[in-house]
Amino acid sequence: MATDAPPPPRSGTETEPGPVQPTTEAFVEVQESAEFGELRRTYRSFAFPLTIAFIAWYLLYVLLSNYAGGFMGTRLFGNINVALVLGLGQFATTFLIAWLYSRHAADRLDPKAEAIKARMEADA
């Protein structure tokens, strides 16, 4: 499909200097640094346990749905049964984890990542 639109401007030209890309060696050096290791540990210490917990919670729901029909069909009040409550709990848990992660990232991950990024851009 052809278009009449001009190509986007190239960065790094005389009229528009773009950011200088760090070298591969600089990326490897940062990746091997203690600061980056701490950033990775901070991320993993949050993400892995919550992922495992959520998968376990989801599998419990699926297994109960398949093998404990009597329990899941137990009415709690009106037409509301255990299956409905646990199913809605899946949605609530998903949003809770997303909210917790956004707070964790803003408080602990983003400042460390920004410091690493700023240092790399200053050295480039």
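The structure, a predicted model, holds two aromatic pairs. Rings of Phe, Tyr and Trp (its six-membered ring) count as a pair if their centres lie within 6.5 Å; planes under 30 degrees apart are called stacked, those over 60 edge-to-face, and the rest tilted. Tyr-43 and Tyr-101 form an edge-to-face pair, with 6.4 Å from centre to centre and 85° between the planes. Tyr-43 belongs to helix H2 (residues 34-67) and Tyr-101 to helix H4 (residues 82-123), so this pair ties together parts that are 58 residues apart in sequence. Helices (H or I, at least four residues) and strands (E, at least two) are DSSP runs, numbered from the N terminus.

Tyr-43 is partly exposed at 37% relative accessibility, and Tyr-101 is partly exposed at 33%. Phe-46 and Tyr-101 form a tilted aromatic pair, with 5.8 Å from centre to centre and 45° between the planes. This pair too links distant parts of the chain, Phe-46 in helix H2 and Tyr-101 in helix H4 being 55 residues apart. Phe-46, at 14% relative accessibility, counts as buried. Together, Tyr-43, Phe-46 and Tyr-101 form one aromatic cluster.

The model is read under stated conditions: residues are numbered from 1 along each chain as its sequence is written, and side-chain values use heavy atoms, with hydrogens and water left out. As this is a predicted model, local features need pLDDT of at least 70 and side-chain atom pairs count only at pLDDT 80 or more, whereas totals for chains, interfaces and linings use all residues.

Turning to the overall fold, the protein has four helices and two strands. From the N terminus on, these elements run α-α-α-β-β-α. Of the 124 residues of the protein, 15% count as buried. A contact means heavy atoms within 4.5 Å. Among contacts between residues at least 6 apart in sequence, 58% join residues at least 24 apart. The accessible surface comes to about 9700 Å², and 64% of this surface belongs to carbon and sulfur atoms. Accessible areas come from the Shrake-Rupley method with a 1.4 Å probe; for residues, only the protein chains shown count as cover.

The interior is considered next. In soluble globular proteins, nonpolar side chains tend to be buried together. A nonpolar core is a set of buried Ala, Val, Leu, Ile, Met, Phe, Trp, Tyr and Cys residues joined through side-chain atoms within 4.5 Å. The largest such core has six residues in all: Val-30, Leu-39, Ala-105, Leu-109, Ile-116 and Met-120. H4 supplies the largest share of this core, namely four residues. Leaving aside residues up to four places away in sequence, Leu-39 touches Leu-109, Lys-112, Ala-113 and Ile-116.

The surface carries a nonpolar patch made of Ile-55, Tyr-58, Leu-59, Leu-63 and Tyr-67, with about 570 Å² of accessible area together. Patches consist of residues with over 30% relative accessible area and no salt bridge; like charges are joined within 9 Å, and nonpolar side chains (Val, Leu, Ile, Met, Phe, Trp, Tyr) within 5 Å. At 69% relative accessibility, Tyr-67 counts as exposed.

The structure also holds four salt bridges. A salt bridge is a side-chain nitrogen of Lys or Arg within 4 Å of a carboxyl oxygen of Asp or Glu. The table lists examples.

| Arg-119 | Glu-35 | 2.3 Å |

The salt bridge between Arg-119 and Glu-35 links distant parts of the chain, Arg-119 in helix H4 and Glu-35 in helix H2, 84 residues apart. Arg-119 is partly exposed at 41% relative accessibility, and Glu-35 is partly exposed at 32%.

Glu-38 and Arg-41 are three residues apart in helix H2, and therefore about one helical turn separates them. Glu-38 is partly exposed, with a relative accessible area of 34%. Lys-112 is partly exposed at 27% relative accessibility.

Terms used: Buried < 20%, exposed > 50% of the residue type's maximum accessible area, 1.4 Å probe, protein only.
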